[in-house]
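My plan is to look up a few things and write each down.

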Amino acid sequence: MFRNRGDVVFWIVLGAVLLAGFGVTQTIANEYYYTAIYAILQATIMAVAWNILGGFTGYVNFGSAAFFAIGAYTAVALDKWLGLPMPFLIAASAAVCGLMGLGVGYLTLRLKGVYFAIATLAMAIVLETLINNWDYVGAAKGVYILTPEKVPFFSSYIQLLFMVMLALTLGSIAISRYLNASRIGRGLAAIRDDEVAAECAGVPTLRLKLISTTLMGAMMGVAGAPYPFFVTFVDPISAFNLFVAVNSIAMPMIGGTAHWIGPVIGALLVGGAQEVITVTVSSELNVLIVGIMLVLFITLAPQGIVGLVQKWMKRRKR
Amino acid sequence: MDLFVNAIVAGILLGAFYAAVSVGLAITFGQLDIVNIAHPAFVIVGSYIAWILNSRLGWDPVLVGILAAPAFFLVGALIYRIYYAAFERTGQESLSGLAFFFGVMFIIEVVLILVYGVDYRLVSASYLGKNIDLGFVGLPLRLVVPFVVASAMTAAVWLFLSRTFTGRAILAVAQDRLALQLMGADPVRIKQFAFGLAIATTSVAGSLLIMIGPVEPSLGRVYIGRAFAIVVLGGMGSIPGMVIAALLIGVVESFVSSFAGPSWAPAVAFGALLITLAVRPSGLFGRA
């Protein structure tokens, strides 16, 4: 766990953030802040998850919203069927979406580059049509979720959700960071740069790609599982929202895809800006701004903010 | 039996229209290798222009579609310029370019929502409510007119590609850039022209789309699946193959919505796309 000083600092920061989050729930009562931060944390998990496949491995997934929605609907269905408590729902969503990710991983055997990206987009729409016709979870009409009135340790339910989400976010960042620096991460980078060359050099490309897609799917499922309890009403249009997919692509692209910190920076920056713009201007405009920022960053700064900073530091050293 | 015949006829009429939506994508995605995922979004823009000029000035939607095509051509040429400068020249076109067009699609959709809202829009023309009655099957003119215009446009694009020097240069640029340069044609200008042409076809396709049914900004997403499924099934860039694939998708969709319910129809194209990509990426008519 602690291989060098960087590791120690990282875990201290992580623990401090978690403690600070708990401290906040004991002092601030205004529910708006928790709602806003929850949205940012959810986007962070999605961005970090997308980056494991998109940034580290080089396979673009347009179907993020599908993983997110299947995670949410797994929680809805199990909550309705067995009434399981939250940790089990999250684990179940992770398992279902992890399996889905594994399936997508096998797709990479036949589909490279743009064909893979288009296939994930197609998968999202096919799954949306299935949910649209599945009456048990409300089909196209949507479904209401009941949340408990009282919870232990916290003064309101949203605070509990906030802490759950904070812990999940920190966990996914830790996994992503570990992956980035490990042997697996180097293998994934080799696949991203040249898959054929990696295969020839003895990198087990299929196994690494399967690990990468399964992890991505499981993380996105985890991000989706608490969502029904957060909004208390889920329908296919909101769960399969294209905005979820755009955000989870835009945030890593803006932050920088090659390094684990990139999607975190992108998500905090873009997510924070979105909350401010939604309150001060309008929610449609904030959607537009994300789209424009995505296009501008891809065309002008393809390495993202991390790339810009690295370039600037190199110039200063000279 | 009546339902059966009607489903086939409606499917063929619809399929020809799908071909008009996909013909531009067959050029950009099939020939130029540019994954223009924003293609259907431009179709929706075409629909909105037809709606604006139809509802304000009472112009015929087909006329608007044809008149707006040159403007679409210029926009397409400009977008190719940006794409070339940012991605193609630096050799990182496939994935960054894809995300770029994804962003463009998203921006178009949101701008339409911001300016015109999420309401369904319709056009009106004197002939749209009428039917041609053939006894056993009724042909609504709101499907027949798009069928005729779409077939004419697809045929025109096909003739242009196979008979003229510029058209053949477009087919050649995908295969061998160097050979094209030796023939005295500039590959970048040829591609810019081809991309403009592809976007110009969306103007006409959009005006047909809004004649067939009401249009709202996010409708384009459904057409991503249809258009890509048709181009891939048709064997990437072959216009006759694309037309057959379009008719096939049209008929199957029409059957599914008549016999299983319209809410299942979107899964047809995307399902076909997914299966084709996974099982036979070269399409129905491509060489494996």
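How many positive and negative side chains does chain B have, and how far apart do the centres of the two sets lie? I found 15 positive and 12 negative side chains in chain B, with the two centres 6 Å apart. Lys and Arg count as positive, Asp and Glu as negative, and His and the chain ends are not counted. Each charge is placed at NZ of Lys, CZ of Arg, CG of Asp or CD of Glu.

**Ground rules**

I note that this is a predicted model, where local features need pLDDT of at least 70, side-chain atom pairs count only at pLDDT 80 or more, and totals for chains, interfaces and linings use all residues. Residues are numbered from 1 along each chain as its sequence is written, chains are lettered from A and ligands numbered from 1 in the order in which they are written, and side-chain values use heavy atoms, leaving out hydrogens and water.

**Chain B as a whole**

I looked up the secondary structure next. Chain B has eleven helices and two strands. These are DSSP runs numbered from the N terminus: helices are H or I with at least four residues, strands are E with at least two. Along the sequence I read α-α-α-α-β-β-α-α-α-α-α-α-α.

Then I checked the dimensions. The C-alpha atoms of chain B fill a box of roughly 60 × 45 × 35 Å along the principal axes. For 288 residues, a compact globule would have a radius of gyration near 19 Å, and chain B agrees with its 19 Å. That radius is taken over C-alpha atoms, and the globule rule is 2.2 Å times the number of residues to the power 0.38.

I find 56% of the 288 residues of chain B buried. Buried means under 20% relative accessible area, exposed over 50%, and partly exposed in between (1.4 Å probe, protein chains only).

Among contacts in chain B with a separation of 6 or more, 76% join residues 24 or more positions apart.

**Aromatic rings**

Rings of Phe, Tyr and Trp (its six-membered ring) pair if their centres lie within 6.5 Å; planes under 30 degrees apart are stacked, over 60 edge-to-face, and the rest tilted. I get 31 aromatic pairs over all chains. One of them is B:Phe160 with B:Phe193, which is tilted, at 6.0 Å centre to centre and 40° between the planes. B:Phe160 lies in helix H5 (residues 141–163) and B:Phe193 in helix H8 (residues 187–212) of chain B, so the pair ties together parts that are 33 residues apart in sequence. B:Phe160 is partly exposed at 23%. B:Phe193 is partly exposed at 30%.

B:Phe255 and B:Phe259 make a stacked pair, 5.7 Å centre to centre with 25° between the planes. They are four residues apart in helix H10 (residues 239–259) of chain B, so about one helical turn separates them. I also noted a cluster linked by ring pairs: B:Tyr80, B:Tyr83, B:Tyr84, B:Phe87, B:Phe100, B:Phe101 and B:Phe195.

**A:Phe62**

Is A:Phe62 buried or exposed? A:Phe62 is buried, with a relative accessible area of 2%. I located A:Phe62 in the loop between helix H2 (31–57) and helix H3 (64–81) of chain A. Leaving out residues up to four places away in sequence, A:Phe62 touches residues of both chains, including A:Leu121, A:Ile249, B:Ile37, B:Leu98 and B:Phe102.

**Positive phi**

Most residues other than glycine have a negative phi. A:Thr232 sits in the loop between helix H10 (227–231) and strand E2 (233–234) of chain A, and is partly exposed at 30%. Phi of B:Asp33 is near 65°. B:Asp33 is in the loop between helix H1 (2–31) and helix H2 (39–57) of chain B, and is exposed at 54%.

**Tyrosines of chain A**

A:Tyr136 lies in the loop between helix H5 (113–132) and strand E1 (143–144) of chain A, and is partly exposed at 33%. Which residues does A:Tyr136 touch, not counting those up to four places away in sequence? I list A:Ala77, A:Lys80 and A:Trp81. A:Tyr136 and A:Ala77 are 59 residues apart in sequence and 7.6 Å apart, C-alpha to C-alpha.

A:Tyr33 is in helix H2 of chain A, partly exposed at 45%.

Conventions: Contact = heavy atoms within 4.5 Å.
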